[in-house]
Amino acid sequence: LARHLFERVGGGDGERVLERVAKSRYRPAKKLLSHVSMVIREEPAFVLLDEQQVVFSQVMSAVEDAMSDSRKHVFLVHGGPGTGKSVLALNLLGALSGKGYNSQHATGSKAFTKTLQKIVGRQAAQQFRYFNNFGQASPNDVDVVLCDEAHRIRSTSNHRFTRAAQRSDRPQIQEIIESARVSVFFVDDQQIVRPNEIGSSKLIRTMASEHGCVLHENSLETQFRCGGSEGFVNWLDNTLQVRKTANVLFDQHQETFEFGIISSPEALDDIVRGKAREGHSARLVAGYCWPWSSTLGEDGQLVRDVRIGSFERAWNARPDMTGLPDGVPKSDFWAYEPAGIEQVGCIYTAQGFEFDYVGVIWGRDLRYVPGEGWVGDRSISQDTPVRGSKDRFLELVRNTYRVLLSRGMKGCYVYFEDPETEKFIRSRTENLGLAPKAIAQQPAA
């Protein structure tokens with residue numbers, strides 16, 4: 001390398017040129033930017049509608065303003081499950097990349113980020129990062145950081161592999177804001193499912209104010225998941241007592257979204273597999289109520305940890321598992337590869353993804369007790385950090401089921417381990433078993 005550099009910049013103004021290179025700011029190559037833009041623009045599902053277009057235009061305008069003055073801009077974009085937060089983030093990444101801005105998409109989910117990197121290919125993968133990748137960045141190193149699922153931001157970027165010399169007490173959200181001219185945070189405060197996830201709307205507002213940023217706040221309301229049914233999501237929130245809504249009952253006869261309560265885990269699994277055979281994307285998921293083996297079984301296969309009576313299924317592979325049998329997807333790609341239907345997904349592999357149909361095994365870690373209401377049972381939970389979260393356990397396990405139940409685009413089917421919980425959910429429904437209301441067809445242009 002030394003000889004290569006000396007031959008090319010060893011004479012004349014070489015030292016000055018080398019100094020410019022050493023001090024220059026990293027930017028993706030223009031070909032890379034074009035590639036990201038092309039990949040996203042050619043995906044037919046990535047079409048912006050309604051208030052998504054409003055936020056898109058505001059961010060694009062703010063980026064132009066931020067290039068010509070010293071003020072940072074922070075966008076706080078609220079949106080419940082299925083309101084198109086990720087679609088908007090990816091459209092922004094494509095448009096900004098196409099204009100030559102150094103833009104980064106960031107999440108706190110290894111599975112989600114790895115899947116996106118796989119979809120766009122190796123050339124564009126470096127624009128998909130994690131929240132903890134900005135600790136070593138210089139101020140304004142990046143033009144725009146798009147923080148998808150920002151509720152998963154953690155207190156600091158330290159982790160178990162961080163060297164002592166590189167550990168820092170600087171808040172992770174501060175690292176992100178300082179590294180970018182424009183930061184966009186897509187948030188759903190009710191999707192926080194672990195005690196160390198702190199990316200709340202309140203924290204983002206506070207940090208933006210402390211750094212003298214121009215704060216823009218928007219909400220995405222239109223429902224693109226759950227059959228476009230705002231009624232299902234609102235009913236879910238009201239039933240779980242996440243927030244009060246007008247949707248006390250879910251009436252299948254009035255909704256386009258399919259919802260069903262299934263009598264056994266075997267029947268639930270059959271429904272999910274049937275939807276997959278019809279050409280739909282479908283997955284079976286469950287609350288974290290069973291052990292999750294860290295090694296393969298004696299037969300070389302995943303251990304069937306999820307056991308309910310005669311029903312036995314394996315969780316998706318653990319992230320650090322090696323030597324997986326043929327056909328078993330790695331943890332990061334369980335939601336994306338078709339063979340993922342053979343395993344049960346947990347909250348950490350399902351969050352951030354969506355499927356046409358989702359089957360949910362509702363365990364006993366969250367039960368409805370007549371006369372008491374919702375009760376969280378930490379003795380059932382196998383999720384160590386959540387189980388040790390003291391007075392936040394009920395909140396976190398309730399958010400977990402809210403996330404799992406809202407993964408479906410067209411339908412959600414549920415099996416309940418606890419009869420009283422099933423009875424309560426049934427009491428909040430009408431006309432289950434009837435065909436969903438037909439979606440009105442738009443007249444031809």
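Exposed stands for over 50% relative accessible area, buried for under 20%, and partly exposed for values in between, taken with a 1.4 Å probe on protein chains only. The model is predicted, so local features are given at pLDDT of at least 70 and side-chain atom pairs at pLDDT 80 or more, while totals for chains, interfaces and linings take in all residues. Residues are numbered from 1 along each chain as its sequence is written, and side-chain values rest on heavy atoms, with hydrogens and water left out.

H8 spans residues 201–210, and its buried residues are Ser201, Ile204, Met207 and Ala208. These four lie on the same side of H8, because the arc they cover around the axis is only 135 degrees. The arc is taken from the directions that lead from the helix axis to the C-beta atoms. An α-helix has 3.6 residues a turn, so residues three or four places apart point the same way. What do the buried residues of H8 pack against? Their partners are strand E1 (73–79), helix H7 (172–179), strand E5 (180–187) and strand E6 (214–220); contact here means heavy atoms within 4.5 Å. After H8 comes Gly212, with a positive phi near 65 degrees.

Positive phi also occurs at two asparagines. Asn140, although not a glycine, has a positive phi of about 55 degrees and sits in the loop between strand E3 (128–130) and strand E4 (142–147). Asn431, likewise not a glycine, has a positive phi of about 60 degrees. Asn431 belongs to the segment after strand E17 (429–430) and is partly exposed, at 36% relative accessible area.

The next topic is the nonpolar interior. A nonpolar core is a set of buried Ala, Val, Leu, Ile, Met, Phe, Trp, Tyr and Cys residues joined through side-chain atoms within 4.5 Å. The largest such core has 92 residues, and the members that touch the most others are Ile361 and Trp362. Neighbours within four places in sequence aside, the contacts of Trp362 are Leu240, Trp374, Tyr401, Leu405, Val414, Tyr415, Phe416, Glu417, Thr421 and Ile425. Another core, of 20 residues, lies apart from the largest one and includes Val74, Val142, Ile173 and Ala208. Ala208 is also one of the buried residues of H8.

Strand E9 (residues 282–286) is mostly covered, with 5 of its 5 residues buried. Ala282, Leu284 and Ala286 point one way from E9, Arg283 and Val285 point the other way, and all are buried. Two strands count as paired if DSSP finds at least two bridges between them. E9 runs parallel to strand E13 (residues 355–362), joined to it by 5 bridges, and Arg283 stands opposite Val358 of E13. The pairing of E9 with strand E12 (residues 344–345) is also in the parallel sense, over 2 bridges; there the bridge partner of Leu284 is Val344.

Charged pairs make up the next group. A salt bridge is a side-chain nitrogen of Lys or Arg within 4 Å of a carboxyl oxygen of Asp or Glu, and the structure holds 22 of them. In the one between Glu7 and Arg8, the closest N and O atoms are 3.3 Å apart. Glu7 is exposed at 54% relative accessibility, and Arg8 is exposed at 56%. Between Glu178 and Arg170 the closest N and O atoms are 2.4 Å apart. Glu178 is partly exposed, with a relative accessible area of 24%, as is Arg170, with 23%.

Glu258 forms a salt bridge with Lys275, at 3.5 Å between the closest N and O atoms. Glu258 is in strand E8 (residues 258–262) and Lys275 in helix H10 (residues 265–277), so the pair ties together parts that are 17 residues apart in sequence. Are Glu258 and Lys275 buried or exposed? Both are buried.

Asn238 lies in helix H9 (residues 230–239) and is buried, with a relative accessible area of 13%.
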